[in-house]
Amino acid sequence: MSLNVEQPLRIGMFGGAFDPPHIAHLALALAAVDQLQLERLHVIPTGFAWHKPRALTDAVHRLAMCELTFAQVKGAVIDSREILRDGPTYTADTLAELKTQYPGAEIFLVLGEDQANSLEKWQRLNEVLNNAIICVAARPELACPAGDEKSVSLEIPGMRTLDMPPYAVSATEIRHTVAQRMSLTPLVFDSVARYIDQHHLYQTA
Ligand code: ATP
């Protein structure tokens, strides 16, 4: 007897530090699911971020805030695989795992513009490009982390763009806003703002 288990065929991957997740992350996820007709979107908080200059907030908190933020995104699953992995986490490894998990599926890697601009620095970029279709959302320059280049210099074969209104927000700004005891409305969900407050996160930026 053969089991007729329907495999999802259009799978998204959305990685990030999510420290904390904010409204632009949510908008990007909603745009990706809608415009790419994704059956599932893996939201994957980074484990050890070799490319970020600061230590990330404990993964337990980032996962909890992702659950609060992405709960309303149809097909979104908060995926802790990079957090559970030892050592530095590379997108190439995660994509290879997703390929194995969903044989025959198309994998869409969704990114903000600042990340797309730094693709040249990624480990095993060829593998990434072979395993995923890169889908980029514009990011207003002011909302890009300092030091990130703005203009896309790399030719990415088959790249798609996501249509999304500009959100001038970054997690860096949110951490500074908390440290200055200012209101987080409307940068994050109220439930995330409450979580940050209850757990005394980002008291010093
Ligand atoms: P930080 O300020 O700490 O560097 P961040 O706001 O850039 O954080 P990340 O978790 O690093 O957030 O971003 C995850 C993904 O979301 C990346 O692909 C990033 O480009 C994208 N992204 C974040 N903010 C925006 C935004 N305002 N507009 C479009 N894309 C965004």
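P186 is located in the loop that connects helix 7 (171-179) with helix 8 (190-198), where helices (H or I, at least four residues) and strands (E, at least two) are DSSP runs numbered from the N terminus. The peptide bond from T185 to P186 is cis, with omega near 0 degrees. The model is a predicted one, in which local features need pLDDT of at least 70, side-chain atom pairs count only at pLDDT 80 or more, and totals for chains, interfaces and linings use all residues. Residues are numbered from 1 along each chain as its sequence is written, and side-chain values use heavy atoms, with hydrogens and water left out.

The loop between helix 7 and helix 8 also contains R181. R181 is not a glycine, yet has a positive phi of about 55 degrees. Its relative accessible area of 60% makes R181 exposed; buried means under 20% relative accessible area, exposed over 50%, and partly exposed in between (1.4 Å probe, protein chains only). A positive phi, of about 60 degrees, is also found at Y202, again not a glycine. Y202 belongs to the segment after helix 8 and counts as buried, at 8% relative accessibility. A further cis peptide bond, with omega near 0 degrees, leads from D19 to P20. P20 is placed in the loop between strand 1 and helix 1.

The secondary structure of the chain amounts to 8 helices and 6 strands. Read from the N terminus, the order of elements is β-α-β-α-β-α-α-β-α-α-β-β-α-α. Of the 205 residues in the chain, 46% are buried. The chain exposes about 10,700 Å², of which carbon and sulfur atoms supply 52%; accessible areas come from the Shrake-Rupley method with a 1.4 Å probe, and for residues only the protein chains shown count as cover. Contact means heavy atoms within 4.5 Å. Among contacts between residues at least 6 apart in sequence, 78% join residues at least 24 apart.

The 6 strands form an open sheet in the order 3-2-1-4-5-6, with parallel pairing; two strands pair if DSSP finds at least two bridges between them. Strand 3 and strand 6 (160-162) are the edge strands, each pairing on one side only. On average, neighbouring strands of this sheet are turned by 30 degrees against each other, direction ignored. Axes are lines fitted to C-alpha atoms, for helices over the stretch in contact, and angles run from 0 to 180 degrees between N-to-C directions. Helix 1 packs on the sheet and touches strand 1, strand 2, strand 4 (106-112), strand 5 (133-137) and strand 6. The direction of helix 1 makes about 125 degrees with that of strand 6. Helix 4 (residues 91-101) likewise packs on the sheet, with strand 1, strand 2 and strand 4 as the strands touched. Between the directions of helix 4 and strand 4 the angle is about 150 degrees.

Strand 1 (residues 10-16) runs parallel to strand 2 and is joined to it by 6 bridges. Strand 1 is also parallel to strand 4, with 4 bridges between them. Within these pairings, G12 has L41 as its bridge partner in strand 2 and stands opposite F108 in strand 4. F14 stands opposite V43 in strand 2. Because 5 of its 7 residues are buried, strand 1 is largely enclosed by the rest of the structure. In a regular strand, side chains alternate between the two faces of the sheet.

Strand 2 (residues 40-45) is mostly covered, with 5 of its 6 residues buried. Strand 2 and strand 3 (residues 76-78) run parallel and are joined by 3 bridges. In this pairing, V43 stands opposite I78 in strand 3. Strand 1, helix 1 (residues 23-35) and strand 2 together make a right-handed β-α-β unit. A crossover is right-handed if, with the strands pointing away from the viewer, the path from the first strand over the helix to the second runs clockwise.

The structure holds 0 disulfides, a disulfide being a pair of cysteine sulfur atoms within 2.5 Å. C66 counts as buried, at 0% relative accessibility. C135 is likewise buried, with a relative accessibility of 0%.
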